[in-house]
Amino acid sequence: MKWINTLLAASRDFKRDPCPGPKLAQNMRDAGFQDVQEIRYKLPIGPWPKDKFLIEEGLEAFTLRLFTQVLGWQQEEVQVLLANVRKDLRDPKIHAQFDL
């Protein structure tokens, strides 16, 4: 929880919406597009879903950029946090997912 809450806050501090997905269809309509269709996907993270799929791609890149350049953390601090995040992502008791 510490990682995702800090990541979301850092994204907002960086003036970036960390969760633009729910607004994309309306943004397209507001821009004048017609017949906009919205399809939502649930992307499970970790070893718990039947389809084994673990998201670690980009975890380090996003985290390092925001935590070191926006929040001023030391790279070593970020690596320790990321080690714990990776451990949690592999824990079958934790059912994390992204809604896309």
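These are my notebook entries on a predicted model of one protein chain.

**Ground rules.** I number residues from 1 along each chain as its sequence is written. Since the model is predicted, I keep local features only at pLDDT of at least 70 and side-chain atom pairs at pLDDT 80 or more, while totals for chains, interfaces and linings use all residues, and side-chain values use heavy atoms, with hydrogens and water left out.

**Entry 1: the overall layout.** I looked up the secondary structure and found four helices and two strands. Here helices (H or I, at least four residues) and strands (E, at least two) are DSSP runs, numbered from the N terminus. Along the sequence I read α-α-β-α-α-β.

**Entry 2: surface and contacts.** The accessible surface of the chain is about 7,700 Å², and 56% of that belongs to carbon and sulfur atoms; the method is Shrake-Rupley with a 1.4 Å probe. Of the 100 residues, 20% are buried, meaning under 20% relative accessible area (1.4 Å probe, protein chains only). I then took contacts (heavy atoms within 4.5 Å). Among those between residues at least 6 apart in sequence, 64% join residues at least 24 apart.

**Entry 3: the core.** Which residues form the largest nonpolar core? I list twelve: Trp-3, Leu-7, Ala-10, Leu-59, Leu-64, Leu-66, Phe-67, Val-78, Leu-81, Leu-82, Val-85 and Leu-89. Such a core is a set of buried Ala, Val, Leu, Ile, Met, Phe, Trp, Tyr and Cys residues joined through side-chain atoms within 4.5 Å. Helices α1 (2-13), α3 and α4 each give two or more residues to this core, and α4 gives the most, with five.

**Entry 4: α3 against α4.** The axes of α3 (residues 59-70) and α4 (residues 75-89) come within 10 Å and cross at roughly 140°. I note that axes are lines fitted to C-alpha atoms, for helices over the stretch in contact, with angles from 0 to 180 degrees between N-to-C directions. Residues making the contact include Leu-59, Glu-60 and Phe-67 of α3 and Val-78, Leu-82 and Arg-86 of α4.

**Entry 5: Phe-67.** Beyond four places in sequence, Phe-67 contacts Trp-3, Thr-6, Leu-7, Gly-72, Trp-73, Val-78 and Leu-81. The C-alpha atoms of Phe-67 and Val-78 lie 7.0 Å apart, with the two residues eleven apart along the chain.

**Entry 6: Ser-11.** I finished in helix α1 with Ser-11. Ser-11 is buried at a relative accessible area of 10%. Leaving out residues up to four places away in sequence, Ser-11 touches Arg-16, Pro-18 and Leu-66.

Notes:
Buried means under 20% relative accessible area, exposed over 50%, partly exposed in between (1.4 Å probe, protein chains only).
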